[in-house]
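Biologist: Can we go through the charged pairs in this one? Put the structure up and start with the terms you will be using.

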Amino acid sequence: MPLTPHLIDAAIERYWREIDRYEKLSAFIGEACRRLLEEHSIRGSVQWRAKDPDRLRAKLQKYLVTGEHAAEFADLDGVFRVLKDLAGARITTYVETDRVRVIALVQRRFRGFGATRR
């Protein structure tokens with residue numbers, strides 16, 4: 001079953017029921033990242049968030065129009081398997097040279113979570 005307006009509505013409804021979990025997850029990860037900076041005396045800041053439900057709807061509507069991920073949206077669980085940005089944390093450093101160090105610290109701290117470099 002491809003992505004449909006009905007499936008989008010169901011995904012948003014489920015996300016609203018589960019949003020607390022994503023907020024807690026992002027806060028947990030964000031706080032762990034903040035502690036990493038503090039423990040290693042790195043000047044920077046950490047922000048975290050759960051995805052805004054309206055932004056989630058807009059993203060899914062874009063996928064509906066473009067057909068992107070169409071085969072992967074077989075059911076409601078498929079929507080949540082595809083979407084990887086429902087909770088997130090961002091670290092910024094004041095000194096560019098600290099960035100590589102922070103990436104290594106995050107990868108070591110969250111080993112196994114597929115930490116990627118951007």
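Modeller: Accessibility terms to begin with: buried means under 20% relative accessible area, exposed means over 50%, and partly exposed is in between. Keep in mind that this is a predicted model.

Biologist: Fine. How does Arg101 count on that scale, buried or exposed or partly exposed?

Modeller: Arg101 has 37% relative accessibility, so it counts as partly exposed.

Biologist: And which residue does Arg101 form a salt bridge with?

Modeller: With Asp98; the closest N and O atoms of that pair are 3.8 Å apart. The cut-off for a salt bridge is 4 Å, so the pair counts.

Biologist: Where do Arg101 and Asp98 lie?

Modeller: Both are in helix H4, which covers residues 98-109. They are three residues apart, about one turn of the helix.

Biologist: Is Asp98 buried or exposed?

Modeller: Asp98 is buried, because its relative accessible area is 15% and the limit is under 20%.

Biologist: What does Asp98 touch, leaving out residues up to four places away in sequence?

Modeller: Ile42, Arg43 and Thr93.

Biologist: Change of topic. How many salt bridges does a search of the whole structure find?

Modeller: The search finds 13.

Biologist: What about Arg99, which side chain does it meet in a salt bridge?

Modeller: That of Glu96, at 3.1 Å from N to O.

Biologist: And is Glu96 buried or exposed?

Modeller: Glu96 has a relative accessible area of 54%, so it falls in the exposed class, which is over 50%. Arg99 is partly exposed at 36% relative accessibility.

Definitions and conventions: Residues are numbered from 1 along each chain as its sequence is written. This is a predicted model: local features need pLDDT of at least 70, side-chain atom pairs count only at pLDDT 80 or more; totals for chains, interfaces and linings use all residues. Side-chain values use heavy atoms; hydrogens and water are left out. Buried means under 20% relative accessible area, exposed over 50%, partly exposed in between (1.4 Å probe, protein chains only). Helices (H or I, at least four residues) and strands (E, at least two) are DSSP runs, numbered from the N terminus. Contact means heavy atoms within 4.5 Å.
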